[in-house]
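Hello,

Here is the structure I promised to pass on to you. Have a look at it first, and then read on for what turned up.

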Amino acid sequence: MSVATSSSRAISLNLLQQLRYYNEPMTMGGWIREHYGDFVPVRFQGHEYIGIATAEGARQIFANDPANYDAFFKEGFTSIAGPASLWVLAGAVHRRERKLFAPAVHATHVREHGNTVLEITRLHLAKWQPGQTVKSIDTTMAISRDVIMRLVFGIEEDKLMEEGQEILDELRISLNPLITFIPALQKRWYPPWRRFSRAKERFTEWVNRVLAARRALNVDSGDVVSIMLATRYEDGSPMQDDEIRDELMTIMQGGHETTATVLAWALYELGRHPEVLAKLRAELEDSGSDLNPNLVVKLPYLSAVCDETVRLHPILAECARVPLIPMEILGHKVLPGQALVISIVSIHHDPDLYPEPDKFIPERFIERTYNRYEFLPFGGAHRRCLGAALSEYETRIALAELVLHWEFQPVVIERDTRHDVAMGPKYGVPLRILARRDPKWAASATNE
Ligand code: HEM
């Protein structure tokens, strides 16, 4: 087979198409694939990208040696997350940093904190009142923010916690898509950048106080901050505070809104599919006489519901790699610097893998096992999301608690839209809270 070069047939999207792709990668991704196929060189804002829309394409990209790739869009992400962030590191330094704090977010470590996740969820759900309409993303954001505070930052002290909650909210709100994707706007004269920079300065100042408090306490609580403080590089030197801050910023930006969004989408889909909700409740109620986090997370239907949610509504529409050497992907030659953008959205909506791809059908994850190129909400290979285990664990526990104790109903038809880097429901999943409910075990205990 002859190998075609990609540049020769790069398509240019007009401004309207670019905006549509940005806002609605679901519909626009499908359109691009239909018109141009599975390997699509695109010129976009002066850069050339190659869109890859199949599981086989993802497999070939992930199979390459990590040393052959640079990080994606460093010119935009460096000022957002910081030069020591995992997002912009590559090669040996990237590998070293990942190894460093992977244990703190590894499944075995995370599993020790099931009751903390449950406690945080209950605390926020206790604010719900029957009859009220709540924007569910507000509740799920608060849950995932506080899980990060406790499990990543290791914060117990009330004042630091309250300040941190406020600062994390401010950072998230001030991260505007224009400043993320147009590096030329990352300048003091641009008010949204000034606002983000102020929030980042407050974050830095707060992280410095967190580090000072933790050093004074001198206790290893096994969270990410403890691990970073204890780290010594090969030459015996510790991690610098600004390196720690950049990684914490990355975790915060990568882990807060993403997990909250999956949970909000799950509530939306369950509210619209009463038969799925009933089946899920039956599984949870048959599993024991109370919520045991480490048993709950193993329940197959609960897992299927969570997987189907993030399949249908991927939080990151794409993940990307920048080749440093010429390579061949799907029979086409790719040049160094031409970013390979794997469309998670397109793969998750491929009708050959997922019949009736626009429908919410958790059973597909019971009936079939998908490999890591077919189902890739967390990306893959050497850059696979470090927080995947934490996020999956948290979503399952919080969702179980929620559906066992509350009756709810979505009040609007939602749409997937891009918020900044991540996607989410356009309206934040407003829910009418119908009533509190007792799980079967509580009801039978009352009757005895
Ligand atoms: C549902 C929730 C989440 C989703 C869907 C998600 C998705 C992703 C994706 C697609 C990537 C890029 C992977 C690639 O390029 O192959 C990524 C990277 C990353 N995520 Fe997540 N993420 C989630 C939650 C979290 C959480 C909770 C944390 C931290 C506690 C986290 C930390 C990170 C980090 C540090 C990276 C960069 C990894 C690297 O470049 O080496 N994420 N995530």
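A quick word on the naming before anything else: helices here are DSSP runs of H or I with at least four residues, numbered from the N terminus. Please keep in mind that this is a predicted model.

Let me begin with the ligand. Its shell is made up of 26 residues, and the closest are Gly255, Thr258, Gly379, Cys385 and Gly387. Two helices, α13 (241-272) and α19 (388-405), each supply at least two residues of that shell. The largest share comes from α13, with 7 residues. Sorted by class, the shell around the ligand holds 14 nonpolar, 9 polar and 3 charged residues.

Both of those helices turn up again around α16. The buried residues of α16 pack against α13 and α19, and also against α14 (274-286), α15 (293-296), α17 (344-348) and α18 (364-367). Among the buried residues of α16 are Leu302, Val305, Glu308 and Arg311. Helix α16 itself covers residues 300-312 and reaches 18 Å from its first C-alpha to its last, close to the 18 Å expected at 1.5 Å a residue.

One more residue to look at is histidine 124, in helix α7 (residues 114-125). Beyond its neighbours within four places in sequence, histidine 124 is in contact with Thr139, Ala142 and Ile143. Tryptophan 406 is 282 residues away from histidine 124 in sequence, yet their C-alpha atoms are 13 Å apart in space.

Happy browsing, and best wishes

Notes: Residues are numbered from 1 along each chain as its sequence is written. This is a predicted model: local features need pLDDT of at least 70, side-chain atom pairs count only at pLDDT 80 or more; totals for chains, interfaces and linings use all residues. A residue is near a molecule or strand if its C-beta atom, placed from the backbone, lies within 6 Å of it. Ala, Val, Leu, Ile, Met, Phe, Trp, Tyr, Cys and Pro count as nonpolar, Asp, Glu, Lys and Arg as charged, and the others, Gly among them, as polar. Two residues are in contact if their C-beta atoms, placed from the backbone, lie within 7 Å. The expected span of a helix is 1.5 Å times one less than its number of residues. A residue is buried if 20 or more other C-beta atoms lie within 10 Å of its own, exposed if 12 or fewer, and partly exposed in between; C-beta atoms are placed from the backbone.
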